Amino acid sequence: MTVVTQSATADAPASNAPTFKSETLEAPGPNGPLQGRLLIPQPAAAMTAGVRASAPVVLIVPGSGPTDRDGNNPLGVKAASYRLLAEYLATRGIASVRVDKRGMFGSAQAVSDPNAVTIGDYADDVRTWVQSIIARTGAPCVWVLGHSEGGLVALASDDATAKASDGDICGLILVSAPGRRLGDVLRAQLKANPANAPVLGQALDAISALEAGRRVDADKLDPALLSLFHPAVQGFLIDALARDPAELIASYRKPMLIVQGRADLQTDVKDAERLKEANAEAHLVLLDNVNHVLKRVPTDDQAANLASYADPGLPLASEVGEAIADFIARHKPH
């Protein structure tokens with residue numbers, strides 16, 4: 001059993017001097033291009049052919065909601081976690097591509113309705129991105145890093161039924177990823193907030209209906225629940241609720257890293273441990289005082305934890321990048 005627990009060390013160094021070349025990268029989407037940002041470590045930037053053969057490449061798959069390539073969203077998250085992680089990895093000689101979801105931001109032309117998607121659609125996009133990255137960089141394979149909900153997408157993109165060519169994905173890196181079914185996560189979150197008491201029964205019934213593949217009549221729901229069970233997202237929820245991360249990870253045979261912060265308010269150590277229990281070959285790293293947006297905060301200070309979501313100036317917790325870079329260095333493709 002491989003489990004590593006790390007305590008906080010120094011923050012990631014500030015990116016005062018350029019350590020990478022950055023360029024826009026596109027991949028084919030259903031109706032228009034998907035768009036992302038490629039960062040090439042500086043030693044390779046002068047090579048016009050692209051990333052040097054020895055430089056690994058990581059595809060960063062974003063989490064839930066309208067989250068952009070940098071890890072921000074218009075709902076108040078400005079932590080820039082993915083940009084900071086990409087810049088850290090560049091200092092370790094690792095290239096990266098961070099992407100916008102189909103229908104959003106730079107990928108707005110890929111589909112007309114960003115809500116009319118499923119986890120399976122996002123997984124298809126991951127496989128498309130992998131092919132485009134290999135074509136652009138010449139890398140033998142691409143590491144797929146999924147953050148939060150992106151971890152479920154990553155698992156779906158390279159499961160036993162995936163269409164990706166064998167070897168195109170080096171392995172998976174699951175960061176702050178759920179280990180439980182979405183329905184279990186939603187129930188726990190709703191029950192944990194006493195303010196939900198007046199609508200809890202309706203909410204639990206709606207989750208059960210969606211788990212059974214049945215849409216919910218939004219007109220009969222309390223208005224407070226519409227943001228969660230809006231008709232536009234019920235198709236996505238039905239698909240996501242049907243997927244069990246532990247079942248997907250159980251049969252995975254490529255290298256796999258699970259990274260989980262102990263100060264995470266959205267996923268927790270139990271999620272990471274459930275993933276690890278399902279696949280003993282996975283490498284698990286638990287990080288003290290690291291939260292969901294990959295910043296270092298006092299574990300018992302919820303106010304500081306939440307404030308970090310809106311603070312792009314707060315550095316990446318360097319041990320996140322270190323765990324990822326060290327794992328990749330130990331698992332170079334043959």
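Arg 102 is buried, with a relative accessible area of 9%, where buried means under 20% relative accessible area, exposed over 50% and partly exposed in between (1.4 Å probe, protein chains only). Its side chain meets that of Asp 125 in a salt bridge (2.7 Å, N to O), a term for a side-chain nitrogen of Lys or Arg within 4 Å of a carboxyl oxygen of Asp or Glu. The structure is a predicted model, in which local features need pLDDT of at least 70 and side-chain atom pairs count only at pLDDT 80 or more, whereas totals for chains, interfaces and linings use all residues. Residues are numbered from 1 along each chain as its sequence is written, and side-chain values use heavy atoms, with hydrogens and water left out.

**Salt bridges**

- Helices (H or I, at least four residues) and strands (E, at least two) are DSSP runs, numbered from the N terminus.
- Asp 125 is buried, with a relative accessible area of 7%.
- A second salt bridge joins the side chains of Asp 70 and Arg 98 (2.8 Å, N to O).
- Asp 70 is in the loop between strand 4 (57-61) and helix 2 (81-91) and Arg 98 is in strand 5 (residues 95-99), so this pair ties together parts that are 28 residues apart in sequence.
- Arg 98 is buried, its relative accessible area being 7%.
- Asp 288 forms a salt bridge with Arg 262, and the closest N and O atoms are 2.9 Å apart.
- This pair links distant parts of the chain, 26 residues apart: Asp 288 belongs to the loop between strand 9 (283-287) and helix 11 (302-307), and Arg 262 to the loop between strand 8 (256-261) and helix 10 (269-278).
- Arg 262 counts as partly exposed, at 35% relative accessibility.
- Arg 181, Asp 244, Glu 247 and Arg 274 are linked in a network of salt bridges.
- The count of salt bridges comes to 19.

- Helix 2 is mostly covered, with nine of its eleven residues buried.
- These buried residues are Ser 81, Tyr 82, Leu 84, Leu 85, Ala 86, Glu 87, Tyr 88, Leu 89 and Ala 90.
- The cover over the buried residues of helix 2 includes strand 2 (20-28), strand 3 (33-41), strand 4, strand 5, strand 6 and helix 12.
- The axes of helix 2 and helix 12 (residues 318-330) come within 10 Å and cross at roughly 55°; axes are lines fitted to C-alpha atoms, for helices over the stretch in contact, and angles run from 0 to 180 degrees between N-to-C directions.
- That makes helix 2 oblique to helix 12, since angles under 35 degrees count as roughly parallel, over 145 as roughly antiparallel, 65 to 115 as roughly perpendicular and the rest as oblique.
- Leu 85, Tyr 88 and Leu 89 in helix 2 meet Ser 318, Gly 321, Glu 322, Ile 324 and Ala 325 in helix 12, where contact means heavy atoms within 4.5 Å.
- Gly 93, which follows helix 2, has a positive phi near 80°.

- Thr 267 is found in the loop between strand 8 and helix 10 and is buried, with a relative accessible area of 7%.
- A polar atom of the Thr 267 side chain lies 3.3 Å from the backbone oxygen of Ser 176.
- Apart from neighbours within four places in sequence, Thr 267 is in contact with Ser 176, Ala 177, Pro 178, Gln 260 and His 292.
- Gly 151 is in helix 4 and counts as buried, at 1% relative accessibility.
- Gly 151 and Ser 176 are 25 residues apart in sequence and 7.7 Å apart in space, C-alpha to C-alpha.
- Not counting residues up to four places away in sequence, Gly 151 touches Gly 146, Leu 174 and Ala 177.

- Most residues other than glycine have a negative phi.
- Phe 105 is not a glycine but has a positive phi of about 50°.
- Phe 105 is found in the loop between strand 5 and helix 3 and is partly exposed, at 39% relative accessibility.
- Ser 148, also not a glycine, has a positive phi of about 55°.
- Ser 148 is in the loop between strand 6 (142-147) and helix 4 (149-157) and is buried, with a relative accessible area of 11%.

Conventions: Polar contact = N/O pair within 3.5 Å; in protein donor to acceptor, adjacent residues only side chain to side chain.
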